[in-house]
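Visitor: I've got a new model to look over. Can you walk me through it?
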Amino acid sequence: MRHLEDETIMAPFHNKESLTRKAHASSPPNVYGLILIGVITFLCEWNTADTVDVKPQKEVYIPDYTIYHNLTSIQKDVQQLLFLYPNFMKIDWKYNSRLGKPQMLLHITNFTQNTDANQKDGSKVKMLLSYGEHAREFFPVESMFHLLRNLTDGLGSAPGSYEELYSRHVLSSTDLHIIVMANPDGRVYVEHSHNYCWRGTSTGVDLNRNFDWEYAKKGSSADPNDEEYRGPHAFSEPECNVYKHLTQEMHFDLYISFHSGIRQIYLPFADTHSNIINRQPANIRGIKELAARLASSTTHRYEYGKAMDLTFYTADGTSFDYMAGHRKIPFSLAIELWGSDAHVGASCFDQFNPRSGDLKHEIAEIHPLYVSLFDYMIHWKQRRSNKPRGALITKHRHPLQEPTPSHTLSYLLMATVVIVILILAFQGRLLFCQRWQHRRRIISLKTLSSTLSLWGFVKSI
């Protein structure tokens with residue numbers, strides 16, 4: 001989502017009365033905070049002053065397609081896996097993009113079992129994983145292939161080996177559906193145009209603003225030139241059909257929308273109205289527990305929590321809100337798998353994807369998140385089915401640390417952080433500004449003035 005995708009609305013946090021106070025010799029502290037926040041906003045945006053949302057930029061590096069998949073090799077490798085493992089993988093080709101390109105809906109489970117019996121007693125945990133919603137985010141799709149190889153490699157291993165037991169345990173306990181490439185038209189556009197800032201469909205619609213949950217509110221855009229363009233109406237894009245139809249036909253236990261750009265895990269709801277009324281899904285306690293487990297599953301610490309608490313902006317019409325709110329899927333998350341702390345400037349590919357030479361290492365590092373996901377969900381399903389709890393075989397486990405809590409900055413903490421950032425900014429070190437700079441807006445004295453008058457701050461993602 002440029003992370004949950006990449007937004008930039010102001011979030012007022014002072015009341016109107018404070019705006020009417022007259023300035024005098026001993027101005028109240030909030031006036032100083034206003035000035036500092038305005039200055040920080042300007043400093044964080046001024047070096048991208050000439051960029052416009054999804055226009056191509058000079059890239060620090062671009063993908064090597066002998067290492068990264070392009071759309072052709074994605075389809076080729078999926079077909080190869082289907083050929084090798086017909087008892088564990090099937091594919092539905094009926095879902096296509098606006099331009100007729102397949103989204104490749106995979107169904108992965110142990111089909112040699114008594115499927116009817118498993119469906120009747122609900123013993124398998126039903127999971128729907130979504131990849132490729134945003135065209136510029138290559139990394140999640142690469143992590144999916146690493147997952148598929150790990151699940152299937154064990155099937156050819158020696159009977160009784162760790163690899164064989166692990167693969168059969170997971171594939172016999174889960175009913176996994178994977179949308180391999182949700183936005184193939186957008187991906188083709190990126191590959192052919194070399195515009196690695198593009199995240200929409202062939203018509204520029206952000207799929208993650210096109211779902212029928214609080215659609216067309218301020219956490220999206222009606223401007224076709226904006227990267228958060230929501231489309232003419234909810235579900236206007238044929239790419240959304242696979243989500244809508246599949247969740248009508250099946251009752252899933254879990255839905256995850258995978259993205260890249262930072263390491264964060266978002267809980268529903270992310271929309272504007274839910275933020276105002278503090279609406280939460282029914283299974284919020286379980287969702288938080290799962291998020292905490294995933295956040296501490298790798299050597300990297302993922303932040304997790306309500307999207308607004310982490311991003312300081314709202315997002316309306318997202319897929320994971322729709323799944324939690326309308327489809328009532330017990331577990332619904334959006335996960336940003338990877339991000340670079342070293343990103344500076346207007347380039348895009350390096351913001352969402354590692355260098356080609358580092359890809360293999362980076363994918364291996366985040367793979368334990370998938371292991372923890374299967375572990376948690378299989379045990380959760382077993383508890384609900386009142387069956388004996390089995391031990392999921394895991395080869396690489398990390399000590400479970402205390403979960404990373406969600407956080408909302410207090411005014412005092414905000415003032416302290418702003419002062420520190422201001423000092424670093426004047427020293428030429430704008431690393432923190434990267435977190436506030438994900439959206440590329442045209443900046444001017446007029447917009448700076450608007451920022452000051454609204455007492456707000458720029459969305460971070």
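Guide: First, a term: buried means under 20% relative accessible area, with a 1.4 Å probe and protein chains only as cover. Keep in mind that this is a predicted model.

Visitor: What share of the 461 residues is buried?
Guide: Buried residues make up 58% of the chain.

Visitor: And how many helices and strands are there?
Guide: The chain has 17 helices and 8 strands.

Visitor: What about the accessible surface of the chain?
Guide: That surface comes to about 19,700 Å². Carbon and sulfur atoms account for 56% of it.

Visitor: Take contacts between residues at least 6 apart in sequence. What share joins residues at least 24 apart?
Guide: The share is 81%.

Visitor: Let's go inside. How many residues are in the largest nonpolar core?
Guide: That core has 71 residues. Ile178 and Met377 have the most contacts inside it. Its largest share comes from helix H14, residues 359–384, which supplies 12 residues.

Visitor: Which residues does Met377 touch?
Guide: Leave out residues up to four places away in sequence. Then Met377 touches Val125, Met127, Asp253, Leu254, Leu290 and Phe331.

Visitor: Switching to strands. Which way does E1 pair with E2, parallel or antiparallel?
Guide: Antiparallel, over 4 bridges. E1 covers residues 89–92 and E2 covers residues 105–108. Met89 has Ile108 in E2 as its bridge partner.

Visitor: What about E2 and E4?
Guide: E2 also pairs with strand E4, residues 174–179. That pairing is antiparallel, over 4 bridges. Here Leu105 has Ile179 in E4 as its bridge partner.

Visitor: Now helices. How many residues of H7 are buried?
Guide: H7, residues 184–193, has 7 of its 10 residues buried, so it is mostly covered. The buried ones are Pro184, Asp185, Gly186, Arg187, Val188, Val190 and Glu191.

Visitor: What covers them?
Guide: The cover includes helix H3, residues 71–84, and helix H5, residues 139–153.

Visitor: And what follows H7?
Guide: His194 does, with a positive phi near 60 degrees.

Visitor: You mentioned H5. Why call it largely enclosed?
Guide: Because 11 of its 15 residues are buried. Phe139, Met144, Phe145, Leu147 and Leu148 are among them.

Visitor: What span should H5 have, and how far apart are its end C-alpha atoms?
Guide: At 1.5 Å a residue, the 15 residues should span 21 Å. The end C-alpha atoms are 21 Å apart, which agrees.

Visitor: On to cysteines. How many disulfides does the structure hold?
Guide: The structure holds 1 disulfide. Cys197 is joined to Cys348, with 2.0 Å from S to S. The link is right-handed, with 95 degrees about the S-S bond.

Visitor: Where do the two cysteines sit in the chain?
Guide: In distant parts, 151 residues apart. Cys197 is in the loop between H7 and helix H8, residues 241–249. Cys348 is in the loop between strand E8, residues 331–336, and helix H13, residues 349–352.

Visitor: Are those two buried or exposed?
Guide: Both Cys197 and Cys348 are buried.

Visitor: And Cys240, buried or exposed?
Guide: Buried. The relative accessible area of Cys240 is 1%, so it falls under the 20% cut-off.

Visitor: Backbone next. Where is there a cis peptide bond?
Guide: One joins Pro268 and Phe269, with omega about 10 degrees. Phe269 lies in the loop between strand E6, residues 264–267, and helix H9, residues 272–277.

Visitor: What is phi at Phe235?
Guide: Near 60 degrees, a positive value in a residue other than glycine. Phe235 is in the loop between H7 and H8. At 15% relative accessibility, Phe235 counts as buried.

Visitor: And Phe312?
Guide: Phi of Phe312 is also positive, near 65 degrees. Phe312 sits in the loop between helix H11, residues 307–311, and helix H12, residues 319–325.

Visitor: Why does Phe312 count as buried?
Guide: Because its relative accessibility is 18%, and buried means under 20%.

Conventions. Residues numbered from 1 in each chain as written. Predicted model: local features only at pLDDT ≥ 70, side-chain atom pairs only at ≥ 80, totals over all residues. Heavy atoms only, no water. Pairing = 2+ DSSP bridges. Core = buried A, V, L, I, M, F, W, Y, C linked by side-chain atoms within 4.5 Å. Buried < 20%, exposed > 50% of the residue type's maximum accessible area, 1.4 Å probe, protein only. Contact = heavy atoms within 4.5 Å. Disulfide = S-S within 2.5 Å. Areas by Shrake-Rupley, 256 points an atom, 1.4 Å probe, with all protein chains shown as cover. Expected span 1.5 Å × (residues − 1).
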